[in-house]
Amino acid sequence: MKKIYLLLFFISLISISFLKAQSLQITGVVTSSEDGFSLPGVSVFVKGTTIGTATDIDGRYSLNVPQTASTLVFSFIGMESQEVAILGRSVINIKLGSDAMALEEVVVIAYGTAKKGTYTGAVSSVSAQKIESRSIGNIARAIEGQAAGVQVTSGSGQPGSGQEIRIRGYGSINASSAPLYVVDGVPYTLDISNLNPNDIESISVLKDASATALYGNKAANGVIIVTTKKGNKNRSQFQVRVSQGYSTRGLPEYDRVKSEDWVRLNWEAYVNQMHYSQGIPLEDAKLYASGIHPNQGSRAGLFTGGPSGTGLLEFNPFDVARNDLLLGDGSVNQYASLIYSPEDLDWQKALMQTGSRNEYNILYSGGTAKSDYFASLGYLNENGYLIKTDFERLSGRLNVNTQATSWFRTGVNISANVSMSQTARDQSTSSFVNPFFFTRNIGPIYPIYAQTPITGEYILDDNGNKIYDLGNMLNLGLPFRPSGAYSGRHVVAETMFNEGDFRRNVLSSRTFGEIKFLNDFTFTVNASMDVSAYSDKSYDNAIVGDGAPAGRASRTSTQTTSVNFNQLLNYARSFGEHSFEALLGHESYDFTYDYFYGSKQGVVVDGNYELINFTTINSLNSYQRKYRNEGYFTRLNYGFDEKYFVSGSYRLDGSSRFFKEERWGSFWSLGLGWRLDKEYFMQIPQVNMMMFRASYGQVGNDGLTSYYPWQALYRLNRNNANEPGFDQSTLPAYDLTWESNNSFNIGLDFGIFQRFRGNLEWFHRVSDNLLFDVPLPVSSGISSIDKNIGAMYNQGFEMRVAADVFDKTAVKWTVDMNVTTVKNRITKMPFGEDDEIIEGTKKLKEGRSVYDYWLRQWYGVDPADGLSLYYAQNTDVSREDIRLIGTDTLTFLMANAKYAYSGSAIPNLVGGITNIVSYKDFELTVLLTYQLGGKVYDGIYRSLMNYENWGSAMHADLSMAWKQPGDNTDVPRLDPTMTTDNNAISSRWLIDGSYLNLRSVNLTYNVPKDFSKKLNVGNAKLYATAENLFLISKRKGMNIQQSFAGTTSNAYIQSRIVTVGLNVSF
Amino acid sequence: MKKYLSIIFLVFLGLTVSLQSCKDDFLDLNPTEAISEADVFTTTSNAWAALNGVHRFMYATLESGHSSHAGHSGNMIMHDMMGEDLVNHDRGNGWFIGVYNWTSTRNENGAYTSLPYRFFYKLIANTNMIIFYIDGAEGPLAEKEHIKGQALAYRGWAYHQLVQSYAKRYDWNNKPNEQPGVPLVLTPTIAGLPRETVEKLYEQINADLTLAISLLEGKEITWVTQTPKSHLSASVAKGILARVALTQGDWGRAALLAGEARQGKTLMNKAQLMQGLSNSTNPEFLWVSHVQQEHSYAFSSFFSYMTWNRNSTNIKQNPKKICSRLYDSFPESDTRKQWFASSNEEARVRQPNTDYTAVKYMSFKFMAPDEGSGRGDLCYMRTAELYLIEAEALARQGQDGQAQQVLFELVSTRDTNYMVSNNSGIDLIEEIMMNRRLELWGEGFRWLDLKRLNLPLDRSVQSHDPSVATIFEVPVADKRWQYMIPRAEINANPLVNQND
């Protein structure tokens, strides 16, 4: 019924009769007051309406204005806006002066655009200019450091990958906290790396409810609106962009000890183990470890004896016999030298290359009086610094719009692209095929290739090629690598022999029809369809690793189809000092995900990893998942005297994720704006612009990973051999409904002293009815159930200030910086005050943040015996593990260590600083990003400090380990028997997460006009750009921004990319 | 006017095209990879599928990413790892080494405490659904009884497994056993229940299995050809109940039930003994999962740890050995000795590849039918065990003659030189137990036997390597005989308290 009423309402609106409109045409030229050049792309609007156009390449415009119109507004990014009274003229030529304040820019908002000085919501935007100057393949990377209120992860070094983004804190605990991407007015659920950054006109980040509420159902975590380029009428342009570059690893490796030091540390560890854990006298232990004890017998030394007879470390990397290798003090015989060259042992280098980056784009655009077009073709080919990783994208876009009749406008925006990528296997942090895990953790005496002991000669195959030493080549007379050095695995060989790549074909289309009628009404129908066909192939070779000996291959094929329709009715009108805009809309969204997976083993012939080339099926499945939602919405904007603005919106949304009775949620917002600078009392020259904004509103979140969370289900695919079978998977959740996000925002936009501009914001964002994945007793047989239970808030300040340090001199320098703080607190847990959920290193509890560490409390190292001490949980002094130091009751047992909160991963401050310095035809842009405070739990460092299995790599800090009674150090005794207790997960591994990152540097040379004219080109620009030049932090190698949770893992480290490029337009 | 007409026309066109979504059922969607719970117990044929889901549990991974437990096989491996008869040659790639040293089962956050717990309770939850709803399904009564009987047998078995790992042993000299067991969940519920006493749990286990036997009596699976032995028959239920009686020290019932259960069942001949114990067609297998290639789990399966020929890093580097004392106490004429390498020079230890570690005492008992995939049929009960239960229970009652005879029937198929034992009393019991240890080596019994008989762990004077095994003795009173309750249970169910 609701729908029918709405329909009737639409029709009644349309049928209101109205006076016939009369209009008048105004033309003119806009030029720059500085150099007299014409200004293309200047927007020309009738004040208080959405009627407007843009100037062509010669700065000309032509606009039909209603007779009631009195004033035209000319605005252009970087120029001072001008309002000109029409006074009956049909030709209006004006000059625009540059305006550093540039506050009157137009920003893209939900279902429309707005001028910044009249808009009540919190928005940050990133312009095409800023995207163009970066060598990024994924536009998600354009946002870091550019917008206040935004926090990002470092992202992977995998070519084509993006960065995770959080806007104003962490919106949900179990549902999604990621923002919504909207591309050309439609929610975009495909991979954002499909978009060619060269096609992007602007990116707007919508942060508060006033800005996002109209996207009600999906906007709980903010919205990133991406708008692609359009042609300009009467201004045709042809552009060629070429860039070439290379990439290297963007973060150094952790400090790890080299071969001889490593052997000595192993010796120390083994001596400690025998002496302290097995009670062998120290002097004997030293001789045993060296393999030279008179009663050695079959007892293992480092290089002799043991189960295999070759000692604990198995490989002898030196050119002397095993028995003569070690002296009684653990040092290596002075006559011994390494048989391996540094390259033989450098596993990381063996997998690295100098990556490359080539990008070519052709863009052309233009238009006639009635139509405009934009077309682009792009090709990007990026090779990562890790071998067999790349990303190749071919993309095309066509955007054509036409004013079909005086009242009907329509257009299509179609893009298609093909992406192909070979990907690194870094998904699991401790998998043997993960290049970063394996190369980081293998001990520094194990060679990549098979080499004869003592002589070090390469062992060659029949063709004279080197052979990979798989660490289990008994048949070549080589030992097994010990378990800490992953015998039988070989990440270099596996990376070379395995295959893993995907191809994605994407077609994305948008179309609209817009009818203007009765002067003030616009009715728009938007339709879109995004289709993505993704196919991932993977091959595990038959020689070494998980696929051996048969060889196996898999194919994952998915198709994503999303169809969106919306209908918008706009009404905009100004009466004297009143301006009024109303929007009514309906939207429906249909998302389909088709999944197919097949895996086979038993490779038939080498070099073909299509499934047809394998003998036996391991797995074969497919399914389809669907999601739909539907919404009705309205927005009313009212402005008075260009001083006071009110904006309200309401949206009713239904989601297929919830049960019939619970699926509709209503969301709303209210925003207020006040242009203080237009008040008479603020008419002072120091204040160029000042606007106060406040908003409050509510948006929803249904972003659960499950598509059917309300339903009680038995899952298929549980057959017993050939007998059909299924089993219980989820419980019913009929009362499950929307998580709500209620946010309050106050903001101040300012421009002062002709030099500073920016804004200040304070936000308080409450997530209520959290979609909580409530853990159930394991004994219930179901691990968890989704419930709307719990609440949390995010609160913080944001500030952006841009200053023109020098603007009237030959050297111009602008600094644009932003700062954000976020405080996150859980205010309600599912089962009340005492309820807590421990997940990894964190504990969720009322009064705590989602990223507060909950860890064993490490005290230090006992100088007496070098054991790690923890604050004790059970402080009964009669216990054997209890030690008293000063007033502290301590334990060396992990099991009795006390847990406590230990700070948070959430930083105190994050932000970015952009410096733009220009001199004559040169312009230098430097982007720094930073974080202050927040702790990192460095699990990678722990794994390098935790020597448990013989053969694994060690961090250089282990040389500071406790050695003898009385040593004061914070590195416990090196002793594999005690390593579980000594190096338990605890507060010891937390480290300050502050950093400063030189994120991007760009130097551009604008070829002077008179010179470029000689070359017959319009504009030419040469530039050099670098990403991720350096990062300063507390610990070398640590990837601080790896996750919002502050934990580190073995993943593809970000890359450093340096490119040079040329943009020429004709 | 014409203009307005066309506008209205276009508006309507736009609306009709795009408001199609406004149908009432636009937002009603159903999955394709699952079926609604409401449809599960409508008919017996659907209920059979729910029961097959339980059978599948026995060999499916509970969660991806953990490579030790494919269904019940991980629990079986744990029970041998924690005994003295299985020797790890090397730390290998580390899997199960913490279990071998009895530390993993004492880590309340660890996978080795949570995986068995979750496995059995998920299985119980599925059987509870069947037991609770099956009577309302449409279909022949005999089928309902058959389904329900199997569900009850599974539930009884699962609780028996749980209580043996997570509680103190059943002490038949000290009844009733009031020590805390595990939560006893008998209906579909998500309310956390407290730990029931061990005595109560055994009552319920007995009740479930007794009822199961009566429901399953006379029922036969005839309609499946490939997997009949994955279904629980009355004799398998009796065999399970005989195991229960054995842990309760009820020798009379144990002997009776085991004797009934083995009626008409075959023992392997010498050739079959050496066929790798991985094919469901083995005549001695009574309860076995037939694992198809498509359902095998590469590195988490039993065959990726316990065989000698599966191409897994764990096996290549850490072949599982038998302890020398057990091996050496049997005569050369016993075929079962051929399950293990007599020296590292044996030709077969160099198979299938020379890069596999080859050592004396390494096991050849289990063979992976497919080196490349870890596939293999997994057996949970075979005839020999029933003979051994019967013999042990008879001997412990002092019925030596009958015990000697039952033992002879079994061992003579293994060793042609074997004569009826002339041992009696303690010596006879010891002989039966030694046979049990050899016969069932690697099949998940030893630690449970130590615990039920209140014996300490004693790995001294055997072939355990001190650089791999860090513990050699555990006294009977040690708290490590109980696994820790997983922290996840306690976090979500405050009524459950931890083992000390």
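Okay, ground rules. What you see is a predicted model, where local features need pLDDT of at least 70 and side-chain atom pairs count only at pLDDT 80 or more, while totals for chains, interfaces and linings use all residues. Residues are numbered from 1 along each chain as its sequence is written, and chains are lettered from A and ligands numbered from 1 in the order in which they are written.

Let's start with chain B. It has 18 helices and 9 strands; helices are DSSP runs of H or I, at least four residues, strands are E runs of at least two, and numbering goes from the N terminus. Along the principal axes, its C-alpha atoms fill a box of roughly 115 × 50 × 45 Å.

How many of the 500 residues of chain B count as buried? The figure is 56%. Buried here means 20 or more other C-beta atoms within 10 Å of the residue's own, exposed means 12 or fewer, and partly exposed is in between, with C-beta atoms placed from the backbone. And of the chain B contacts between residues at least 6 apart in sequence, 69% join residues at least 24 apart, a contact being two C-beta atoms, placed from the backbone, within 7 Å.

Now zoom in on β7(B), residues 378–382. Here 5 of the 5 residues are buried, so the strand is largely enclosed by the rest of the structure. Its antiparallel partner is β5(B), residues 285–289, joined to it by 4 bridges; strands pair if DSSP finds at least two bridges between them. Look for Phe285(B), which sits opposite Arg382(B).

Next up is helix α14(B), residues 383–396. Its 14 residues reach 20 Å from first C-alpha to last, close to the expected 20 Å, which is 1.5 Å times one less than the number of residues. This helix is largely enclosed too, because 13 of its 14 residues are buried. Just after α14(B), Gly398(B) has a positive phi of about 85 degrees.

Last stop, chain A. There's an open, antiparallel sheet of 4 strands, in the order β42-β43-β45-β44. β42(A), 858–861, and β44(A), 882–885, are the edge strands, each pairing on one side only. β42(A) pairs with β43(A), residues 868–871, over 3 bridges, and Trp858(A) stands opposite Tyr870(A).
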